[in-house]
Amino acid sequence: MLSEQEVTTPLADVPYSLRHACVSLWIKAGVDPVEEARRAGHSIAVLWRFYAKILRGQQHKANELIDAALDN
């Protein structure tokens, strides 16, 4: 339950704001998508449909991950 002060914040306006922020953070952090979907309680299809836009512009990070994997 939110406190009276928390209820007046913009985060309380949309019930899923914190959940969305959390899933978005997991994606940006590079958490495995299967694990993200499991923790969020939805399918991989839902994850990609609603959150794929967060990954736009991440080519540099993808290249770094690939380079790191090749170095091992």
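Predicted model: local features only at pLDDT ≥ 70, side-chain atom pairs only at ≥ 80, totals over all residues.
Helix H2 spans residues 17-29. Its 13 residues reach 18 Å from the first C-alpha to the last, close to the 18 Å expected at 1.5 Å a residue. Four residues of H2 are buried: Val 23, Ser 24, Trp 26 and Ile 27. Seen down the helix axis, these buried residues fall within an arc of 155°, so they line one face of H2. The other side of H2 carries exposed residues, namely Leu 18, Leu 25 and Ala 29. The cover over the buried residues of H2 includes H3 and helix H4, residues 44-51. After H2 comes Gly 30, which has a positive phi near 90°.

In soluble globular proteins, nonpolar side chains tend to be buried together.

Ile 27 illustrates the packing. This residue lies in helix H2. Its relative accessible area is 10%, under the 20% cut-off, and Ile 27 therefore counts as buried. Leaving aside neighbours within four places in sequence, Ile 27 is in contact with Glu 36, Leu 47, Tyr 51, Ile 54 and Leu 55. Ile 27 and Tyr 51 are 24 residues apart in sequence. Their C-alpha atoms are 8.1 Å apart in space.

Helix H3 (residues 33-40) contains Glu 36. This glutamate is buried yet has no salt bridge. The nearest side chain of opposite charge is that of Arg 39, 9.0 Å away. A salt bridge requires a nitrogen-oxygen approach within 4 Å. Beyond four places in sequence, Glu 36 touches Val 23, Trp 26, Ile 27, Val 31 and Leu 47.

One joins Glu 35 to Arg 38, with the closest N and O atoms 2.6 Å apart. Glu 35 and Arg 38 are three residues apart in helix H3, so about one helical turn separates them. The other joins Arg 39 to Glu 35, and here too the closest N and O atoms are 2.6 Å apart. Arg 39 and Glu 35 are four residues apart in H3, about one turn of the helix. Salt bridges that share partners join Glu 35, Arg 38 and Arg 39 into one network. An α-helix has 3.6 residues a turn, so residues three or four places apart point the same way.

Glu 35 has 24% relative accessibility and counts as partly exposed. Arg 38 counts as exposed, at 57%. Arg 39 is likewise exposed, at 52%. Glu 36, in contrast, is buried.

Definitions and conventions
Residues numbered from 1 in each chain as written. Heavy atoms only, no water. Helix = DSSP H or I, 4+ residues; strand = E, 2+ residues; numbered from the N terminus. Buried < 20%, exposed > 50% of the residue type's maximum accessible area, 1.4 Å probe, protein only. Lys, Arg positive; Asp, Glu negative; His and termini not counted. Contact = heavy atoms within 4.5 Å. Expected span 1.5 Å × (residues − 1). Arc of directions from axis to C-beta.
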